[in-house]
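Hello,

Here is the structure I promised to pass on. Please have a look, then read my notes below.

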Amino acid sequence: MIHQNTYTGIDSNIENSYLALQSNRMLFKLQTEKFSIEQTIKNLEKKFQTGRIGVETFMKQFRALQSELYLIERKIKQFI
């Protein structure tokens, strides 16, 4: 009986460690996506400011990126 409880505790610790690792990986992935979108927005703004893209293209892409960024930020808040 004692051995079963010991193993159950070890299994529980391993499972908790695994879940924490998975959570950290997901958080890192979300932060990476957030950074990527922020950089894309900066590049989009530069293209607009230099006249390489028009207002319609800028607004369409900017709104889509802002929407993605919002969703990612909401997911990140769930981890913090």
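A residue counts as buried under 20% relative accessible area, as exposed over 50%, and as partly exposed in between. Lys34, at 24% relative accessibility, is therefore partly exposed. Keep in mind that this is a predicted model.

Salt bridges

The count comes to two. Lys34 takes part in one with Glu38, where the N to O distance is 3.7 Å. Why are Glu38 and Lys34 about one helical turn apart? Because they sit four residues apart in helix H1, which covers residues 2-49. Glu38 is partly exposed, as its relative accessible area is 29%.

Lys34 also meets Glu73 in a salt bridge, at 3.9 Å from N to O. Here the partners lie in two helices, Lys34 in H1 and Glu73 in H2, so the pair ties together parts that are 39 residues apart in sequence. Glu73 has a relative accessible area of 30%, so this residue is partly exposed too. Through shared partners, the salt bridges join Lys34, Glu38 and Glu73 into one network.

Helix H2

H2 runs over residues 55-79, which makes 25 residues. At 1.5 Å a residue, the helix should span 36 Å.

Which residues of H2 are buried? Phe58, Leu65, Leu69, Ile72 and Ile76 are. Glu73 also lies in H2, but is partly exposed at 30%.

Best regards

How values were computed. Residues numbered from 1 in each chain as written. Predicted model: local features only at pLDDT ≥ 70, side-chain atom pairs only at ≥ 80, totals over all residues. Heavy atoms only, no water. Expected span 1.5 Å × (residues − 1). Buried < 20%, exposed > 50% of the residue type's maximum accessible area, 1.4 Å probe, protein only. Salt bridge = Lys/Arg side-chain N within 4 Å of Asp/Glu carboxyl O.
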